[in-house]
Amino acid sequence: MSLRIGYAAGGYDLFHVGHLNILRRAKSHCDVLVAGVVSDEMLREVKGVDPVVPTEERAEIVRSVRFVDDVYIERVPDKMDAWRNVGFTHFFKGDDWRGTEKGRRLEEQFAPVGVTIIYFPYTVHTSSTRLRRSLEILNGGGLAMSSTQASYA
C-alpha cells in the first residue's frame, strides 16, 4: 500500500469550525495531510478579498492543528504547481465545488496524474465570507471600539 498524501487548500482566514472540519475529515482519508494556505496576494487576485489575518499567521494557526502534518503556502493560482511541490495523491475540497465549472476543471486537471478528488460537506452556517460580512456590518454600523477594546481585539 502506497503512502496517501492529502492536500487541503484554503484561505483559512478567520479560522472557524468549517476549516477544522475539513482538516479533520481530510486527515481521516490520508496518511499525511498537507494544508495549502493561500497567500494574501493570491486571495486578493483570485477572490478579490483582503485577508484579515496575514499569510504567515494563518500558516502558523493551521500548522498548529493536530490533524495537519505540514503546511504549504500557495503563491500562484495553479494547483498543479502545488502538486509538483507537495506530491499529494488526494485533494480535498468543500462540496460547494462539486459539479461546478471550477470543480470539473480541477478533476480534469488532476485525472492524468492520478490525484483523487474528495469532496466534504461545506459548513454552510459558518464561513469566512459570512464572518467577514458580519465584521463589515459591525464596522459600517458606527460601532467604534474604545482604545481599551481595541487593545484586546
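The model is predicted: local features need pLDDT of at least 70, side-chain atom pairs count only at pLDDT 80 or more, and totals for chains, interfaces and linings use all residues. Residues are numbered from 1 along each chain as its sequence is written, and side-chain values use heavy atoms, with hydrogens and water left out. Helices (H or I, at least four residues) and strands (E, at least two) are DSSP runs, numbered from the N terminus.

**The sheet**

- Five strands make an open sheet with parallel pairing, in the order β3-β2-β1-β4-β5. Two strands pair if DSSP finds at least two bridges between them.
- The edges are β3 (70-74) and β5 (116-120); each has a single partner strand, so one side of each lacks a neighbour in the sheet.
- On average, neighbouring strands are turned by 30° against each other, direction ignored. Axes are lines fitted to C-alpha atoms, for helices over the stretch in contact, and angles run from 0 to 180 degrees between N-to-C directions.
- β1 (residues 5-10) and β2 (residues 32-38) pair in the parallel sense over six bridges. A9 stands opposite G36 in β2.
- β2 and β3 pair in the parallel sense over five bridges. V37 stands opposite I73 in β3.
- β3 is mostly covered, with four of its five residues buried. Buried means under 20% relative accessible area, exposed over 50%, partly exposed in between (1.4 Å probe, protein chains only).

**Helix α4 and its neighbours**

- α4 lies across β1, β2, β3 and β4 (90-94), and runs at about 145° to β3. Contact means heavy atoms within 4.5 Å.
- α4 (residues 79-86) packs with α5 (residues 101-110) at an angle of about 40°, the axes 10 Å apart.
- α4 and α5 are therefore oblique to each other. Angles under 35 degrees count as roughly parallel, over 145 as roughly antiparallel, 65 to 115 as roughly perpendicular and the rest as oblique.
- The crossing of α4 and α5 is right-handed: the near helix is turned clockwise from the far one by less than a right angle.
- K79, M80 and W83 of α4 meet L106, Q109 and F110 of α5.
- The residues of this contact divide into four nonpolar, one polar and one charged. Ala, Val, Leu, Ile, Met, Phe, Trp, Tyr, Cys and Pro count as nonpolar, Asp, Glu, Lys and Arg as charged, and the others, Gly among them, as polar.

**T55**

- T55 is found in helix α3 (residues 55-63).
- T55 is buried, at a relative accessible area of 6%.
- Leaving out residues up to four places away in sequence, T55 touches V37, S39, D40 and I73.
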